[in-house]
2 protein chains.
Amino acid sequence: MNHKELIASMAAKLNAPKSVVADLLDTTVTTCTELLVENKTIGFQSFGNFEIRKKEERLSVHPSTQVRTLIPPKLVVNFKQSNILKEKLKDLPHHD
Amino acid sequence: MNHKELIASMAAKLNAPKSVVADLLDTTVTTCTELLVENKTIGFQSFGNFEIRKKEERLSVHPSTQVRTLIPPKLVVNFKQSNILKEKLKDLPHHD
């Protein structure tokens with residue numbers, strides 16, 4: 001489900017205009033992005049936490065040419081699911 | 001920043017009542033949880049995508065006792081950051 005479909009689905013649930021939901025979702029995204037750029041952790045109750053993690057420098061070897069490349073360290077967003085979400089996924093059939 | 005602080009920060013930005021923002025965030029969480037449980041991917045524009053991934057069965061060896069345990073396969077939520085978010089993190093100083 002993409003951003004637009006999500007807005008429509010939530011607007012229906014909240015019985016609110018799509019424009020209001022779109023504004024609120026955009027503000028959620030900008031607020032979360034600002035916080036992450038400030039290296040802050042964000043907690044969504046019953047869903048999970050976002051935090052910035054540093055991926056260390058690593059050596060990568062091309063599978064066919066065997067050429068070795070040094071990948072510099074970088075910062076990535078890490079999402080840690082809440083226990084509530086973990087429980088909900090436990091009883092699902094495993095999709096192969 | 002926890003859930004409550006996020007609501008207050010967004011309510012101030014949107015000049016909207018906290019209760020309205022709280023409803024929206026709760027609906028965002030329940031909608032995303034329902035979609036993930038249906039094994040659907042969710043895309044937040046300029047932020048990233050959530051999807052369900054299957055972690056395969058693996059053998060774990062206790063570092064001190066060397067006891068070997070078979071960890072069953074499980075489903076986990078994977079968050080893939082958008083290129084826009086990736087770019088914003090690129091110019092940040094690396095926190096050690």
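Trainee: How much area do chain A and chain B bury between them, and what share of it is on carbon and sulfur atoms?

Mentor: Ground rules come before the number. This is a predicted model, in which local features need pLDDT of at least 70, side-chain atom pairs count only at pLDDT 80 or more, and totals for chains, interfaces and linings use all residues. Residues are numbered from 1 along each chain as its sequence is written, chains are lettered from A and ligands numbered from 1 in the order in which they are written, and side-chain values use heavy atoms, with hydrogens and water left out.

Mentor: Now the general idea. Interface size is often quoted as the accessible area lost when the parts come together. Buried area here is taken with a 1.4 Å probe and summed over both parts. Chain A and chain B bury about 4,600 Å² between them, with 71% of it on carbon and sulfur atoms. A:M1, A:L24 and A:L75 supply 13% of the area that chain A buries against chain B, more than any other three residues.

Trainee: How many residues are in contact on each side?

Mentor: Contact means heavy atoms within 4.5 Å. By that rule, 48 residues of chain A touch 49 residues of chain B.

Trainee: How many salt bridges and polar contacts are there between the chains?

Mentor: A salt bridge puts a side-chain nitrogen of Lys or Arg within 4 Å of a carboxyl oxygen of Asp or Glu. The count between chain A and chain B is two. One of them joins the side chains of A:K13 and B:E34, at 2.8 Å from N to O. A polar contact is a pair of N or O atoms within 3.5 Å; within protein, one must be able to donate a hydrogen and the other to accept it, and residues adjacent in sequence count only if both atoms are side-chain atoms. There are 14 residue pairs in polar contact, both residues at pLDDT 80 or more.

Trainee: Which element gives the largest share of chain A's side?

Mentor: Elements are DSSP runs numbered from the N terminus: helices (H or I) of at least four residues, strands (E) of at least two. The largest share, 14 residues, comes from α2(A).

Trainee: How do β2(A) and β5(A) run, and how many bridges join them?

Mentor: Strands pair if DSSP finds at least two bridges between them. β2(A) and β5(A) run antiparallel, joined by eight bridges. A:I52 stands opposite A:V77 in β5(A). β1(A) and β2(A) also pair in the antiparallel sense, over three bridges. There A:G43 stands opposite A:N49 in β2(A).

Note on methods:
Buried area = accessible area lost by both parts, 1.4 Å probe.
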